[in-house]
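Here is a short walk through one model, written for someone opening it for the first time. Have a look at the structure, then read on.

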Amino acid sequence: MTDGTPTSTTDAESHAEHPVDRDQLSHATRLILDAVGEDPERDGLVDTWERRVPAAYEELTEGYREAEKPTMRTFEAEGDDLVVKTGIPFYSLCEHHLLPFHGTAHVAYRPDGEVVGLSKLVRYVKWASRRLTIQEQLTRDVAEGLHEEVGADAVLVELSATHMCEAMRGVEAHTTTTSRASVGAFDDAERQRFRDAVAAEGRR
Ligand SMILES: Nc1nc2c(ncn2[C@@H]2O[C@H](COP(=O)(O)OP(=O)(O)OP(=O)(O)O)[C@@H](O)[C@H]2O)c(=O)[nH]1
Ligand SMILES: [Zn+2]
């Protein structure tokens, strides 16, 4: 359980609203190509630094921009039974190597008079993932973000991910890392229900 606050500070609130500077991204990409011994002017690479990489980075860092945050419409609903959603795919970038880590998110929340559209849980995880971060921080960002957005009593989040910085380079091991974060309290029966739902997802 990730109860402490991770040292990484990648939550959206810690960043001023900052539009992407496409020219700078283009310049930086050209420098990287040059630095690794490529010819940025060869046919196959001109569009890469001029257009493709800047556009890709703009998309992959949408999580810094509140304007891109999904609208979390809620509906009044009676009852406080746990809502559990498993198997949400996500893709993020590690802040250490700028390489992807990706996997599956599972979220649960106890409603407090309101529920949120189910697709919004998926959209929120995808949006929050689009930052440079570490897995533990992303897990906490999703838990705290959903708590605030949904107005839920309590939120529980589990992420399972594979890190390309471990798989493609460095230790060169394709492993799975699991992290959890929660806001509010859950009783034993609720935790068991969450574990059962996650386990059932793993068997699908
Ligand atoms: N806790 C945590 N560590 C991560 C995450 N993503 C990458 N790392 C680790 O960050 C560490 C960075 O270690 P450093 O020694 O600073 O960098 P490095 O020399 O590139 O390390 P190696 O990857 O071991 O080659 C590595 O152990 C990575 O596996 C993450 O999401 N959470
Ligand atoms: Zn990394």
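In which sense, left-handed or right-handed, does α3 pass α4? α3 passes α4 in a right-handed crossing (left-handed if the near helix is turned anticlockwise from the far one by less than a right angle, right-handed if clockwise).

Before going further, note that this is a predicted model, where local features need pLDDT of at least 70, side-chain atom pairs count only at pLDDT 80 or more, and totals for chains, interfaces and linings use all residues. Residues are numbered from 1 along each chain as its sequence is written, while chains are lettered from A and ligands numbered from 1 in the order in which they are written. Helices (H or I, at least four residues) and strands (E, at least two) are DSSP runs, numbered from the N terminus.

**The helix pair**

The axes of helix α3 (residues 118–129) and α4 come within 10 Å and cross at roughly 135°. That makes α3 oblique to α4. Axes here are lines fitted to C-alpha atoms, for helices over the stretch in contact, with angles from 0 to 180 degrees between N-to-C directions; under 35 degrees counts as roughly parallel, over 145 as roughly antiparallel, 65 to 115 as roughly perpendicular and the rest as oblique. On the α3 side, Y124, V125, A128 and S129 meet L138, D141, V142, G145, L146 and E149 in α4 (contact means C-beta atoms, placed from the backbone, within 7 Å).

**The strands**

Now for the strand pairs (two strands pair if DSSP finds at least two bridges between them).

| Pair | Sense | Bridges |
|---|---|---|
| β2 (residues 83–94) and β3 (residues 100–110) | antiparallel | nine bridges |
| β2 and β5 (residues 132–133) | parallel | two bridges |
| β3 and β6 (residues 154–163) | antiparallel | 10 bridges |

β2 and β3 form a hairpin with five residues between them, and L98 in the turn has a positive phi of about 60°. Between these two strands, V83 stands opposite Y109, and S92 has F101 as its bridge partner. F101 also has a bridge partner in β6, namely H163. C94, meanwhile, stands opposite T133 in β5.

**Around the ligand**

Technical notes. Two residues are in contact if their C-beta atoms, placed from the backbone, lie within 7 Å.
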